[in-house]
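Q: Can you walk me through this one? I have the sequence and the structure open.

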Amino acid sequence: MRIAILSRNPKLYSTRRLKEAGIARGHEVDVVDTMHCYMDITSARPSVRYNGKRLPKYDAVIPRIGASVSFYGTSVVRQFEMMGTYSINESVAISRSRDKLRSLQLLSRKGIGMPRTGFAHHPDKIDDLIKNVGGAPVVIKLLEGTQGIGVVLADTQKAAESIIEAFMGLNASILVQEYIKEAGGSDIRCFVVGGKVVAAMKRQAAPGEFRSNLHRGGSASLTRLSPAERKCAVDAARTMGLNCCGVDILRANDGPVVMEVNSSPGLEGIEAATGKDVAGMVIEFIEKNAAENNTKTRGKG
């Protein structure tokens, strides 16, 4: 097959591993900078151009689209879908998962465990917003934050009110969530491919930090999932419509709760922690499923 990896940096670990895995399995793999693509939107013959040329026909694309370029990145993926190219994650599903509020609303509708969450832009009573999620301590998140940026733990009611007022002064939309104390500053990253959890790791926050993101100095280790945790991760991926994703869950007293579903999960941490060839599993899934127009929306969404 001929496969394109949509990535802004061919040197990134995840991009390199996917390319290596594809080549090792006998495929032709190109890394294409998403932001340097431009689209020829013409009736009945859509195409994607790159460096002054029309890109060749690819059997499949693997979107590795950062949160900061979601709008343009998903537009490029949609153009490939309109051309009949198979995308391991469809443009609609990527957009759905990148919208934190929409994601939580979809998870809530499906009855999937999640922290109690409030969303607001300019509530008349901030104290009621905090009270509705169980009171302080609470976690306050910017709607557009990523990799732990824009996530704050407020220990007291007064601190929470001050932080919320500050964010609102910047005209920012925020999420306020209950703090799952029993998680102990750790979460579980479940890597889901094709409706199965193929690898899982426990991420532990650095001392004095409550955010477990590896970008924030957290550590990763192999972990064993319970059947409930495995089902929670698979159900969350299915709800988002993602074939390949990272599902972050917390171990709460009442069972697993989903914090986030990531449509472009990194491979470095989970391959190191588990020793598994996750990149190879991604390519294997594409081999079994890539076919022309084998997408639900075909670029229509």
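Predicted model: local features only at pLDDT ≥ 70, side-chain atom pairs only at ≥ 80, totals over all residues.

Q: Fine. At what angle do α4 and α7 pack?
A: Helix α4, residues 100-109, packs against helix α7, residues 227-240, at an angle of about 120 degrees. Their axes are 10 Å apart.

Q: Is the crossing of α4 and α7 left-handed or right-handed?
A: The crossing of these two helices, α4 and α7, is right-handed.

Q: Which residues meet there, in α4 and α7?
A: On the α4 side they are Ser103, Leu106 and Leu107. In α7 they meet Ala236, Thr239 and Met240.

Q: How do the residues of that contact divide into nonpolar, polar and charged?
A: Four residues of the contact of α4 with α7 are nonpolar, two are polar and none is charged.

Q: New topic. Which residues does UniProt list for "binding site"?
A: The UniProt entry, which is unreviewed, lists Glu260 and Asn262 under that heading.

Q: Where is Glu260?
A: Glu260 sits in strand β16, which covers residues 255-262. Asn262 is found in strand β16 too.

Q: What is Glu260 in contact with?
A: Leaving aside neighbours within four places in sequence, Glu260 is in contact with Gly246, Val247 and Asp248.

Q: And what does Asn262 touch?
A: With residues up to four places away in sequence not counted, Asn262 touches Arg189, Cys245 and Gly246. Gly246 is also among the contacts of Glu260.

Q: Now the backbone. Which peptide bond is cis?
A: The bond from Ala136 to Pro137 is cis, with omega near 0 degrees. Pro137 lies in the loop between α5 (126-132) and β9 (138-142).

Q: Why bring that up?
A: Because most peptide bonds are trans, and most residues other than glycine have a negative phi.

Q: What is the phi of Asn51, then?
A: Asn51 is not a glycine, yet its phi is positive, about 55 degrees. Asn51 is in the loop between β4 (47-50) and β5 (53-54).

Q: Buried or exposed, that Asn51?
A: Asn51 is exposed, because its relative accessible area is 62% and the cut-off is over 50%.

Methods
Residues numbered from 1 in each chain as written. Heavy atoms only, no water. Axes fitted to C-alpha atoms, helices over the stretch in contact; angles between N-to-C directions. Helix = DSSP H or I, 4+ residues; strand = E, 2+ residues; numbered from the N terminus. Left-handed = near helix turned anticlockwise from the far one by under 90°. Contact = heavy atoms within 4.5 Å. Nonpolar A, V, L, I, M, F, W, Y, C, P; charged D, E, K, R; others polar. UniProt positions renumbered as here; feature names shortened; annotations may be inferred. Buried < 20%, exposed > 50% of the residue type's maximum accessible area, 1.4 Å probe, protein only.
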